[in-house]
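Dear colleague,

Here is the structure I said I would pass on. My notes follow below it.

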Amino acid sequence: MSVTEIRSKESILKDLARRHEPFREIVERFGLLICRQADLRAELPAVDLAADAYDEDRFLNGEPLIAFVDPEAFGPLLRQAASRIWPLLGITFPALHETLNHLERRLDADTAWMGSCLRAVVHGDGEALEQAAAQAGVSPDFLLMALRAAYAPCIAAHKTPLLNMAPAGLWRKPYCPVCGSDPDLATLETHPDPSEFLISKSGAVWHHCPACTHRWRFVRLVCPGCGNQDHERMSRLTPAENSREHLYVCDQCRQYLPCLDLVEQAEALDLDLAALGLVHLDAVAQSRGYAPLSPAPWTALGLTEEQAKAS
Ligand SMILES: [Zn+2]
Ligand SMILES: [Zn+2]
């Protein structure tokens with residue numbers, strides 16, 4: 001299935017806001033952010049990521065392609081993206097405006113601090129994140145959310161050259177082979193695949209990366225959060241009003257992943273907006289005490305504006 005721009009993101013968002021009235025504000029605010037990120041990923045200049053350290057064995061053993069890239073390569077891009085994304089976040093969340101302003105100035109002025117931020121967001125370096133958050137006087141969760149919002153278009157703009165280095169079709173890990181992010185959405189799809197004699201009618205599981213937008217195949221009946229294969233401890237919840245929307249929840253790690261069944265879907269789906277369109281499932285899962293496998297900005301900031309805070 002290819003993503004075609006038959007409908008504009010604006011018209012899809014209008015529909016989503018209508019369908020999910022209780023979540024209208026979240027859909028509108030974060031819809032704007034997703035649109036800005038999509039524009040930016042098309043506009044950012046391509047830089048040479050110089051992934052000379054690429055090692056196929058390490059990749060096939062589960063190291064995502066970004067592990068072979070020096071985080072500093074993203075410096076100028078991250079600055080550029082932050083200057084476009086953070087002011088928008090500051091408008092949608094006025095309580096965060098001042099803090100985001102301060103972070104943006106620091107990103108420009110303090111090279112060492114930016115280095116820590118880059119290691120945190122590009123390579124998932126937890127120590128670098130703690131250090132950068134403490135220096136800026138914000139919580140690590142907030143800093144990571146802000147950095148990810150700006151980094152997403154930077155890595156998305158470079159996913160093709162990275163994928164060209166490796167046999168990415170062989171990847172069956174739960175996290176993204178390009179950037180290592182956890183998926184924000186699973187989809188069930190049937191793809192004609194000559195290597196498979198039997199194609200299950202219920203489709204194969206695909207994962208979508210919220211950062212670089214890559215999609216890859218995963219295995220059924222395994223929890224992507226903890227690898228649990230005990231079916232007694234995993235459930236698929238389906239809301240009564242839409243039999244094609246599901247929540248995979250795991251009682252071993254208490255995490256959830258929303259899922260869309262696309263097996264009989266005829267029209268093209270905008271995958272940038274698909275997870276936001278399942279915000280009502282986030283609310284159901286969280287009310288039952290499950291945590292998102294990939295905390296989208298709308299779940300990281302809390303499902304109401306009053307919960308949004310930086311420290
Ligand atoms: Zn990715
Ligand atoms: Zn689990």
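How are the donor residues of the zinc ion (ligand 1) spaced in sequence? The spacing is C-x2-C-x29-C-x2-C. Please keep in mind that this is a predicted model.

The zinc site

The donors are the SG atoms of Cys176, Cys179, Cys209 and Cys212, which coordinate the zinc ion (ligand 1) at 2.3 Å. The angles among the four donor atoms run from 96 to 123°, and the site is tetrahedral. Cys179 and Cys212 link distant parts of the chain, 33 residues apart. Cys179 is in the loop between helix 9 (159-163) and strand 1 (185-189), while Cys212 is in the loop between strand 2 (204-208) and strand 3 (215-218). Cys179 has a relative accessibility of 9%, so it counts as buried; Cys212, at 0%, is buried as well.

The aromatic rings

There are six aromatic pairs. One of them joins Tyr54 and Phe59 and is tilted, with 6.4 Å centre to centre and 55° between the planes. Phe59 is buried, at a relative accessible area of 0%. Tyr54 also pairs with Phe68: the ring centres are 5.4 Å apart and the planes stand at 85°, so this pair is edge-to-face. Tyr54 lies in the loop between helix 2 (24-43) and helix 3 (56-60), and Phe68, 14 residues away, in the loop between helix 3 and helix 4 (75-92). Phe68 is buried, with a relative accessible area of 3%. Ring pairs join Tyr54, Phe59 and Phe68 with Trp171 and Tyr175 in a cluster.

Charges over rings

Arg29 sits over the face of Phe93, 4.9 Å from the ring centre. Arg254 is placed over the face of Tyr290, at 4.2 Å from the ring centre.

Regards

Note on methods:
Residues numbered from 1 in each chain as written. Chains lettered and ligands numbered in written order. Predicted model: local features only at pLDDT ≥ 70, side-chain atom pairs only at ≥ 80, totals over all residues. Heavy atoms only, no water. Phe/Tyr/Trp six-rings, centres within 6.5 Å; stacked < 30°, edge-to-face > 60°. Buried < 20%, exposed > 50% of the residue type's maximum accessible area, 1.4 Å probe, protein only. Helix = DSSP H or I, 4+ residues; strand = E, 2+ residues; numbered from the N terminus. Lys NZ or Arg CZ within 6 Å of the ring centre and 35° of its normal. Donors = N, O, S within 2.8 Å, 3.2 Å for Na, K, Ca; no water. Tetrahedral: all angles 85-135°; square planar, octahedral: opposite > 155°, others 65-115°.
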